[in-house]
Amino acid sequence: MARYSIFSLARHALRHHEDWPRAWRDPQPKPAYDVVIVGGGGHGLATAYYLAKNHGISNVAVLEKGWLGGGNTGRNTTIVRSNYLLPANARFYEHSLKLWEGLSRELNYNVMFSQRGVLNLAHSDAQMDAYARRGNAMRLNGIDAVLLDRDGVRDMVPQLDFSAAARFPIRGGLLQPRGGTARHDAVAWGFARAADARGVDIIQNCEVTGILREGDRVTGVETTRGTIRAGKIGLAVAGHTGHVAAMAGLRLPIESHLLQAAVSEPLKPLLDTVVTSGAAHVYVSQSDKGELVFGGDLDFYNSYAQRGNLPAIASFTTALIALFPGFGRLRLMRHWGGVMDMTMDGSPIIGKTPLRNFYIDGGWCYGGFKATPGSGWVFAHTIANDAPHPLNEAFSLERFASGHVIDERGAGPVPGAH
Amino acid sequence: MPPQPFRLPQGGRIDRSRSLAFTFNGRRYDGHPGDTLASALLANGVALVARSFKYHRPRGVMSAGAEEACAFVQLGEGARSDPNCRATQIELFDGLTAASLNCWPNVQLDFGVVSDRLHRLLPAGFYYKTFMWPRRGWLTYEKLIRRAAGLGRAPSEPDPDRYEKRFAHADLLIAGGGPAGLAAALAAGRTGARVILADENGEFGGQLLWRDAEIDGEPALRWVERSLAELSSLPEVRLLPRSTVAGYYDHNFLTVLERVTDHLSPFAAPTATPRQRLWKVRARQVVLATGAIERPLVFINNDLPGIMLAGAAQAYIRRHAVRPGGRAVIFTNNDSAYETVAALSEAGVAITAVIDARAGDTAAAEACLRRGIEVLRGHAVIDASGGHALREVTVAPLDGSATALAGAASTLRCDLLCVSGGWSPTVHLFSQSGGKLAFDAASGCFIPGESRQAERSAGAARGSFDLAACLAEGHAAGLAAARAAGFAGPDSPPPQAPAQAMSPIRPLWEVPSPHQGRRDRKFVDLQNDVTAADIALAAREGYRSVEHTKRYTTAGMGVDQGKTGNLNTLAILAGETQGAIPAVGTTTFRPPYTPVTIGALAGRGVGDFYDPVRKTPMSPWHEARGAVFEPVGKWRRPLYYPGPGEGMEAAVRRECLAVRNAVGLCDASTLGKIDIKGRDAVTLLDRVYTNSWGSLAIGRCRYGLMLKDDGMVFDDGVTTRLGERHYLMTTTSGHAEAVFGWLEEWLQCEWLGLDVYLTSVTTHWATAMLAGPRAREVLAAAGTDIDTSRAGSPYMTVREGHVAGIPARLFRVSFTGELSFEINVPARYGLALWETLMAAGAAFGIEPIGTEALHVLRAEKGYIVVGHDTDGTVTPYDLGMGWIVDQKKPDFIGKRGLRRSDLVRTGRRQLVGLLTDDPAQIIPEGSQIVRSGASLAATPVPMLGHVTSSYWSPALQRSIAMALIEGGQDRQGEAVEAVLPDRTLRAVIGTSRFYDPEGVRLHG
Ligand SMILES: Cc1cc2nc3c(=O)[nH]c(=O)nc-3n(C[C@H](O)[C@H](O)[C@H](O)COP(=O)(O)OP(=O)(O)OC[C@H]3O[C@@H](n4cnc5c(N)ncnc54)[C@H](O)[C@@H]3O)c2cc1C
C-alpha cells in the first residue's frame, strides 16, 4: 500500500499526481473464500479489515451489490458519539469511539474525525433530570460527559433561540466533548484500502441473490457474478438485513423504515458543535464544506425505497427554525433518504444465528455509523471465533426471546418508535 | 448617473424609461426593469463577479439562468441578507445591494488565491491523504479548512419575512413555460382541464424570450403574448411565474416554490404578501417541459471571466439588450451557437472567428462564411488567458478522433468567448419522479426513458431541440395528458414553426491538451473547482463508480448541483475507464431542482404557530397569578405559584403544607381522558390493563397499569365506569395521545371484532383537583347538590350533579394521599369553576398547587409517575406492584412478555425508598447509586441503580427519594451511596411509602 502523507502528496505533486496507485484492487471473485462478507458498507469493510488484521484471516471477500458505501454509509449524517446510558451500549460504543480516535492513522486515510462535541438540548426539568442520570452514568463508566446549564449552552451555540418566546426554551444540555462527526465516504474508502492491502478481495457490483444451505449450515452465496463458496458468511447489509436474511430462511425482528436528511447550501462557519433536540425532533451540524447537515424522525411508513416524501422534510426543517430562527432564510440544497433496519428495542444485532457459519451484523437503526470500527472489531471476532466478543454478547438475536432487550429510549417493542 | 457602457441602444425586454440604482461590492450602478443582476453588471462592464470555491479563481457570469456555476453573490444586508444567490436569477430592483462571496479583502485582490498557486498540492481528495499528524491535529487543520470553505454568510437575526404554503389539485401540472410548455398548456387548457403552468422565470416564453424565431407566421414573442392572453382567459388555468417546480415525489406530488416578492425591493413589497409560497401540488398528470441546459467545453483555463455559454450570450443581447463583450470568439461543436453568432453581429460585437470542432461543411458555417465571418473548422480553443478578464484564446486543429491536436496553435484576441458543447435536457424532475434515463448517442445527452409516474416530457426536455418539434410535442403531451385526466374537450391545431435542418453535433467532452499527461487545468465543475485531471485522478485511484468519482472529486456537489458539469464529468470518466457513457450512468438527481428556502418549507409553522402550545381553560388565571410554567408534552402547566418575594423552594413548601393541613387546588385538565363505549368496552380494558375490570360496578373507579407487549410499564391512570357500557379512562398528561393511538392501533389492526368506540375527551372537560382535609368544606361553600360525605361519595367513586351551579362529574380519587375530589366540568366552565372554588376556599386557607408540589405530595405517598420513576424498562414487579397483575386473566398486553427469562430473574432494578443519613441533604434526581464504600477511581464503576424522584418533604421535614436499585426490595436497610459530581451522599434503602403508609387520610 502506497503510504499517504504530506510528503507523498508533495512528491506526487511533482509528477502531477499521474502515478498514484489504485486505492484498492478490482479483483474477479474467486470460487471460494474462507469468509464472505455480504455488504460493502463501513461495517462490512471494517469487519473484513479486522478479520485480516486481528485474526489473520485474509482469504476474505466483501461483496457489494452496488458501489462501496452506497448504502447508509454514504447517506448518513455522520454523528459519532458514545453518550449511552445502558451498560451494554456504553461499553460497546465507547470502544468504538476509542477506535475512531485513532482511525485515520490506523488506516492511513484521513477520515476527518472531528471531535467537535455532541450536545443534546434539554428543554424541561424532566429532560434535565434524564440527562443528569445519563451524564452521571457516563462518567461512572469512564465516558466524558458535561451537564451544561442554559448559559453553558449559550456560550457554545449562541444562535439558538434564547428569547422568552422560544417554543423550546433552553434549560441546558448534555455535552459529550469527544463526540463529533467524520467523513462518511472516507470511512468506507479507508477501510477498503486497508483491507485490500491485507489481501481482502473487495468486489463491487456483485449482488448476493441467494444463500446456499446444507441442513442447518450455510455454504456459500449465489451472486450476480456467479456462485461463491464460503466457509463462513457474515451479513452486514444494514437496511436490507431482513431481506438478505430471508434468503437463508431466517425471519428477523426487524422492520425497514425510511430516514431522510438534508443539507443546506455551503455557508461560512456558523455552528461548531453537533446539536440535537429530542423534543423538537431535529438535529444539525455543519460540514467542513460549510453545509448545514440536518435531519429528524423516521418517515411514517415502512419502506425499502431509498427516497422519501415531503412531510418528514417539512417537519424537521420547521423544527430547525424553531430552534434556530436565523436559519429560516437559508436554503435546503439537497435531501435524500436511507433504509433503516429498525429492531424491536432500537439496538443492533451482532452475533451468531440459528444457522451454523452464518453471522449477522445488522439492526443498526439510524445510529450505526458511529459503530463502524467497533462493530467491525467485534463482528470479526465473532466470525473468527464462532463466539461473540464480550462487547457484543448482549447484542444477541436471542435477547428478544429472553427479554434481555437493550431499550435505550424505553420506547418499547415498536421498531418505528426508537 | 454613470453610463452603462455595454447597454445596446435598442431592443431587448427592458424598460429604458426607468432606471434602477443598485450597489455591487460597494459601488453604485444603474440598470433597468427587465434586467437581472447579471445583465445589469454586464451592461456596466463588470466582468469579475465572484471568486471560486476552492482556488479563489476570478469568475464572471457564465450563464443566464438556474444553471449558473460561478456568479454567486450575497444579496442584501442585515436580517434580510441572502447568501449564495445566483446573479443570473436575481431580478433587479431599485436599491438592490449585493457583494461577491468567498473573497478577502475584496474580489479584485483576494488573498485566498494562494490556494490557486498551491493547486498542485491540492488535487481531488488531497485531504484524505494528509492532515493525519499529529494524532489530534485534524481539529486544528479543520478550523482552517472550514474558514476557507463555505460560500455566503448566514444572517444572524431571525428572518423577518413570512412564507405561505398552499395545496393545489391539478389535472395537469406543466413545469416550464417555454414553447413546449405553452403549447401543452393551450392544448390541455382548451379541453377544460385544470392546468397549472409554472416557470422559474419572471416571464413566460423560455428560449423564445431570446431566440429569433417565428411561430404561426409571426414573431415568436407575439405568439407567446397571444397564448398567455388566451391562457389567462381560461378559468381553470393558473399561470405561476417565478415558480420553480422543485421536487417530484411519489403519487404525482410535486412542490413548486413561488417567489412572490423577491423581485421587489423589500421596502416596496406589500406587507400582507408572503415573500415566497410553497405550492404542494397533487397532479393527475404532469408535463415536463423544462428545456435544456447548454454544456460548457472543457479546455485549459475555461473558467475565466468573459467565457460564457453561447445561449447565454444570445440571451443577454436579445432579452436584456446587453453587449456581453467587445470582441468575440465562438467555440462550438454544434449548430446552436450560430444563432449567437448572428445575435453578436446584430449587436455590433466584433467577431474574430468561429471555432467549430466539426471538420466537415455545415450549412451554418457556410452561412457565416458568406457573411464574411471566419470559421475555423475542425478546430478547438485549447487555452485561454487573461487575469481578471479574458484577453486571448489559443486555437489549434483537432485530429480525427478529437483526442489529439493535429497542427500548430495560434492565438486570437477577444474579451468574450461563447462556448457551446451541446445541450443536455433538463431531466432532473423526470429522474426525481423515478423515471429511467436513456442515452441518446446522436445528440450526446441523456434523455427521459421509461416513465414511472403519470408524466410526459416534451420539447428540449425530451431531447427535441428543434422549435417545430418542441411545439408539436408540447401540444401532443398537453392533449394526451388532458385526455388521460378524463377531458374529452376539443383538439385544436398545434402551433407551427418552420422546421430547421440541423447538422449533427461532434461530441467533444474534453479538448486535448498541447502537453502530454494531466498537468493542465481544465475545469469540469466550475462551482467546486473540479478539473478533468481530478476526474482522471479519481479514475486512476479506483474511484470509478460515478458516485465515487463525484464524492471523491466533489464534482456536481456544489450549489448548482452540477447542472452544467455533470455530463462532461461522466464522459471524461468514461474516457478514463474505457467505458461507454451509458455504462457509467448518472448520479442520482436529488430534490430540489434548485435550493429551496428553509423558511418556505416551514411556511407559517414558525413562532407561535410551530407546534402550538396547549393551554387549559384556567390558563389565564394562572398567568394572572404569576405562575411559573413548565412544559409537559405540548402543554404548559404551572410548576408553582410564587408569592411576593418567594422562591421556588418556599412556594412549593407552602403549597404542599396547604394540601396536608388545609386544602389546595390544582389544574388537572391536562390529564388524558378517553371516553370508551360499546358492548366490548370491558374486554378492551381487560386486555390493555394488567388487572381485571369485569367486577367494576357502575359509578366506581379503579386504578390500572398499562404495559407494552414487552411487559414494560407504559402508562397508568384511573378508569371509571359511567354506565352499563360506558367508561372514562384517564391517562398521564404526557401520554394522552400515545395511549389513544395505542388503543386505536389494537382496535383497528388486531381486534377488529370488538365493539368499542373511543373518543378523546381530554379537552372536552376541564378538571380541578381539590385536595386536603378541608376539601369537603370548600365544596360545600362553593355549593353542590352532590352528597360529598364519606358515605355519599366513598373513595374511588364518581357522582354526577352540580358544583357551583355547573354540571359536573365528581371523582373521589386521590393522587396526594389526602381527601380529594377531581371535579370535571365542560371545558367552557373551567375558569368559572376555578374562580368560584378559589373564592369559596379563601376562608379555609386554599392555595393553588403547581405540578412540583403535586410531585412532592405523591412521592411522600410513594406513588409513581410513569416516565419519571419508570423509563420503559420497568415491569410492575419492579415497581413492587405485582398486586395489580392478574396472572389468572386469559391474556392481557404484556402477559407473555412478562414471562421472559430476563423479566423474572432476580437482581432486576426495583423501586425503593431512599433516606439520606443527613435529612437536610437532597440527592439530585438522576444521581447514580453505588455500593457503600465503592471506589470511584477506576472506571467503569459498577452502578446499582439511580434516583428517580427526590424532594424535600415539608410534611416529614426531611429529604425523601425514590430509586430503582438492583434487587432493591431485598436490600431494605442497606446503606448505599449516591454519586454527585463532587462528593457522595450516604443513604439507606427502605420503603417508598414515606407518609401515611396506612392510607387513612385519603378516605377523609
Ligand atoms: C439519513 C441517515 C442519517 C443517519 N445518521 C447517522 C448518524 O448521524 N450517526 C450514526 O451513527 N448513524 C447514522 N445513520 C445510520 C448509519 O448510516 C447506518 O447505521 C450505518 O451506516 C450502517 O452501516 P453498514 O455498513 O452496516 O450499512 P450500509 O452502508 O448500508 O452497507 C450495507 C451495504 O450492503 C449492500 N447490500 C445490500 N444488499 C446486498 C446484497 N444482496 N448483496 C450485496 N450487497 C448488498 C448495500 O448496497 C450497502 O452498500 C444514518 C442513516 C441515515 C439513512
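# Chat about a predicted two-chain model with a ligand

Colleague: How do the residues of the shell around the ligand divide by class?
Modeller: There are 13 nonpolar, 21 polar and 5 charged residues in the shell around the ligand. Keep in mind that this is a predicted model.

Colleague: Which residues come nearest to the ligand?
Modeller: A:Gly39, A:Gly41, A:Gly71, A:Gly338 and A:Gly368 come nearest, out of 39 residues around the ligand. As for secondary structure, α2 (42–55) and β12 (254–266) of chain A are the elements that give two or more residues to this shell.

Colleague: And which domains of chain A does the shell draw on?
Modeller: Domain 1 and domain 2 of chain A each supply at least three residues to the shell around the ligand.

Colleague: How many residues are in contact between the two domains?
Modeller: In chain A, 29 residues of domain 1 are in contact with 25 residues of domain 2. On the domain 1 side, β3 (79–80), α3 (87–101) and α8 (241–247) of chain A each supply at least two residues.

Colleague: Let's step back to chain A as a whole. How many helices and strands?
Modeller: Chain A has 11 helices and 18 strands. Its radius of gyration is 21 Å, close to the 22 Å that the globule rule gives for 418 residues, so chain A is as compact as a globular protein of that length. Along the principal axes, the C-alpha atoms of chain A fill a box of roughly 65 × 60 × 40 Å.

Colleague: What percentage of chain A is buried?
Modeller: Buried residues make up 66% of the 418 residues in chain A. On contacts: among those in chain A between residues at least 6 apart in sequence, 75% join residues at least 24 apart.

Colleague: Pick one residue, A:Tyr49. Is that one buried or exposed?
Modeller: A:Tyr49 has 29 other C-beta atoms within 10 Å, so A:Tyr49 is buried; the cut-off is 20 or more.

Colleague: What is A:Tyr49 in contact with, leaving aside neighbours within four places in sequence?
Modeller: The contacts are A:Phe191, A:Ala194, A:Ala195, A:Arg198 and A:Gly376. A:Pro253, by comparison, is 204 residues from A:Tyr49 in sequence and 28 Å away in space, C-alpha to C-alpha.

Colleague: New topic, chains A and B. How many residues does each give to the contact?
Modeller: Chain B gives 90 residues and chain A gives 85 residues. Helix α4 (residues 138–148) of chain B supplies the largest share of the chain B side, 6 residues. That side has 37 nonpolar, 25 polar and 28 charged residues.

Colleague: Which strands of chain A and chain B pair in the antiparallel sense over 2 bridges?
Modeller: Strand β16 (residues 331–343) of chain A pairs that way with strand β31 (residues 596–597) of chain B. In that pairing, A:Leu332 has B:Val596 as its bridge partner.

Colleague: Last one, β41 of chain B. Which strand is it joined to by 6 bridges?
Modeller: Strand β41 (residues 798–803) of chain B is joined to strand β42 (residues 806–811) of chain B, and the two run antiparallel. They form a hairpin with 2 residues between them, and B:Ala804 in the turn has a positive phi of about 55°. β42(B) also pairs in the antiparallel sense with strand β43 (residues 820–826) of chain B, over 3 bridges.

Colleague: And B:Met796, where is that?
Modeller: B:Met796 is in the loop between α21 (775–782) and β41 of chain B. Its phi is near 65°, a positive value in a residue other than glycine. With 19 C-beta neighbours inside 10 Å, B:Met796 counts as partly exposed.

Methods. Residues are numbered from 1 along each chain as its sequence is written. Chains are lettered from A and ligands numbered from 1 in the order in which they are written. This is a predicted model: local features need pLDDT of at least 70, side-chain atom pairs count only at pLDDT 80 or more; totals for chains, interfaces and linings use all residues. Two residues are in contact if their C-beta atoms, placed from the backbone, lie within 7 Å. Helices (H or I, at least four residues) and strands (E, at least two) are DSSP runs, numbered from the N terminus. Ala, Val, Leu, Ile, Met, Phe, Trp, Tyr, Cys and Pro count as nonpolar, Asp, Glu, Lys and Arg as charged, and the others, Gly among them, as polar. Two strands pair if DSSP finds at least two bridges between them. A residue is near a molecule or strand if its C-beta atom, placed from the backbone, lies within 6 Å of it. Domain bounds come from an automatic or database domain assignment. The radius of gyration is taken over C-alpha atoms; the globule rule is 2.2 Å times the number of residues to the power 0.38. A residue is buried if 20 or more other C-beta atoms lie within 10 Å of its own, exposed if 12 or fewer, and partly exposed in between; C-beta atoms are placed from the backbone.
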